[in-house]
Every structure is written in C-alpha cells, then in structure tokens.
Amino acid sequence: MPFELKKLPYEANALEPAISERTMNFHYGKHHKSYVDKLNKALENSSAGNFKGNSLEEIISKTYNDTHSKNIFNNAAQVWNHDFFWRSMTPKGGGEPKGRVADLIKRDLGGYDAFAEAFKDEATGQFGSGWTWLVISENVLRVMSTPNAEPPFVNGHFCLLTLDVWEHAYYLDYQNKRGAFVDAFLENLVNWAFVEKQLELSAPKDVKTLRQAAR
C-alpha cells in the first residue's frame, strides 16, 4: 500500500470501435482511478490496522460480508474487477476460442454458441450494476453474474473472464442497449489467450484458497 492504478495493457483507443477512446478515458481514467483513490483513503483512515501488508485479494476476502468494512470491500473489489476486466479484452479479439478453452466450453457449456447465448443472457439479465463472468470451480466451467462489486472468488470460483455491466462501462457508446455492448465484447474483444492463462493458473490442486492476481 498504497495501491496504484495499473497501466492499461493497450492504448485507450485500441478497442475502437467496440469501445471508444472517450469511454475508456472516463471508465479507466476516472471511475477506475476513483476506486483506487477511495480504497487508499479508506485504508489510511482505518483504525483497525488489519490490512497492513495485505494483498488486494486478501483485503477483499477479509472484508467480504463485513458490514463495518463495506467501503473498503467495495473499492478494493472494484479495483480488482477492473484490473481483470481490462485484461479480459484485447484488440481484434473475440469470436470462437481454440484449444483447451474451446474443449472445456464444448464439454461444460454445450459449445461456443451456447456459451455466447448464456453469457449474453446473464449480462443483459443482471438487474442494476454488476459483472458477468466465466469461471471454473471443481474443474467445471460456469457462466455467472455477480451484483455490484462482488468477485466470484469470494465464493470459491476461479475467474477466467469478465464483462463489466455497470452503465458507465457502455452508456456513452451504447446508451441503454446493453445487449449490443455484450455482442461487441463477445465478437470483437474477448482475450482468449488471457482466459487460457487463467485456466493454467487454476490447475494446481494443493492451493488452499482461490486467490489470484489480475495480470
């Protein structure tokens, strides 16, 4: 600590036209930065002193469902989620994956088309703010959504991919058409190489917790 705003893995205009540079400047430069700043301020003002030397994942796990640390949890989780989200995308990404990811999607979710339909249904069906995820737990892939700032790893799921469905993620480009944003993400942005890397990280069976660093 203090935590820092991680650099984007690409230029702010690199995801156009699916996500505009204007949206990225607001989403990353203002919203994400604000979460980092608010987290550092909350930790600085914390009288408990329970978080010294803790990683972001440890702070999130410690404060989950703790009503007295809700502000710390919300901002820490949003920092982690956004770090993961940026790396879930890549210029000229999207479409059907290959290799192990494709095999597992076929085995567990019925193939890419079924996965894409389930992912879109989750993302458009999430009421209010939240995130849609592809996760793995007990060696089975699953599509799920979480409300507000909640990351799936607090409930034992290992994260592979995420989409931010808070309105600030898409409103400047898509207004109320969340479904069009989801389509653009799936067709043009998904970073399947990142998903493959996350699968490799999920493999060890002797890990006592499902903590992971967004890379």
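**Exercise 1: A pocket and its lining**

The second largest pocket is lined by Thr 63, Tyr 64, Asn 65, Asp 66, Thr 67, Lys 70, Phe 73, Asn 74, Pro 147, Asn 148, Ala 149 and Glu 150. The model is predicted, with local features requiring pLDDT of at least 70 and side-chain atom pairs pLDDT 80 or more, while totals for chains, interfaces and linings use all residues. Residues are numbered from 1 along each chain as its sequence is written, and side-chain values use heavy atoms, without hydrogens and water.

Task. State the volume of the second largest pocket, the composition of its lining by class, and the helix that gives the largest share.

Solution. 
1. On a 1 Å grid over the protein atoms alone, a pocket is an open set of points where a 1.4 Å probe fits, with protein on both sides within 12 Å along at least five of seven lines; lining residues have an atom within 4 Å of a point.
2. The second largest pocket holds about 210 Å³ of space, the volume being that filled by probe spheres set on the points.
3. Its lining comprises four nonpolar, five polar and three charged residues. Here Ala, Val, Leu, Ile, Met, Phe, Trp, Tyr, Cys and Pro count as nonpolar, Asp, Glu, Lys and Arg as charged, and the others, Gly among them, as polar.
4. Helix H3 (residues 70-87) supplies three residues, the largest share. Helices (H or I, at least four residues) and strands (E, at least two) are DSSP runs, numbered from the N terminus.

**Exercise 2: Backbone geometry**

Solution. 
1. Most residues other than glycine have a negative phi, and most peptide bonds are trans.
2. Asn 148 lies in the loop between strand E2 (140-147) and E3 and is partly exposed at 44%.

**Exercise 3: The surroundings of Thr 162**

Task. Is Thr 162 buried or exposed, and which backbone oxygen does its side chain reach?

Solution. 
1. Thr 162 is part of strand E3 (residues 158-164).
2. Thr 162 counts as buried because its relative accessibility is 0%.
3. Its side chain reaches the backbone oxygen of Thr 132 at 3.1 Å.
4. Beyond neighbours within four places in sequence, the contacts of Thr 162 (heavy atoms within 4.5 Å) include Asn 81, Phe 84, Trp 131 and Phe 185.

**Exercise 4: The nonpolar core**

Task. Which residues have the most contacts inside the largest nonpolar core?

Solution. 
1. A nonpolar core is a set of buried Ala, Val, Leu, Ile, Met, Phe, Trp, Tyr and Cys residues joined through side-chain atoms within 4.5 Å.
2. The largest such core has 68 residues, and Phe 115 and Phe 185 have the most contacts inside it. H3 gives the most to this core, nine residues.
3. Leaving aside neighbours within four places in sequence, Phe 115 is in contact with Ile 105, Leu 109, Leu 134, Val 143, Leu 161, Leu 186 and Trp 192.

Methods. Buried means under 20% relative accessible area, exposed over 50%, partly exposed in between (1.4 Å probe, protein chains only). A polar contact is a pair of N or O atoms within 3.5 Å; within protein, one must be able to donate a hydrogen and the other to accept it, and residues adjacent in sequence count only if both atoms are side-chain atoms.
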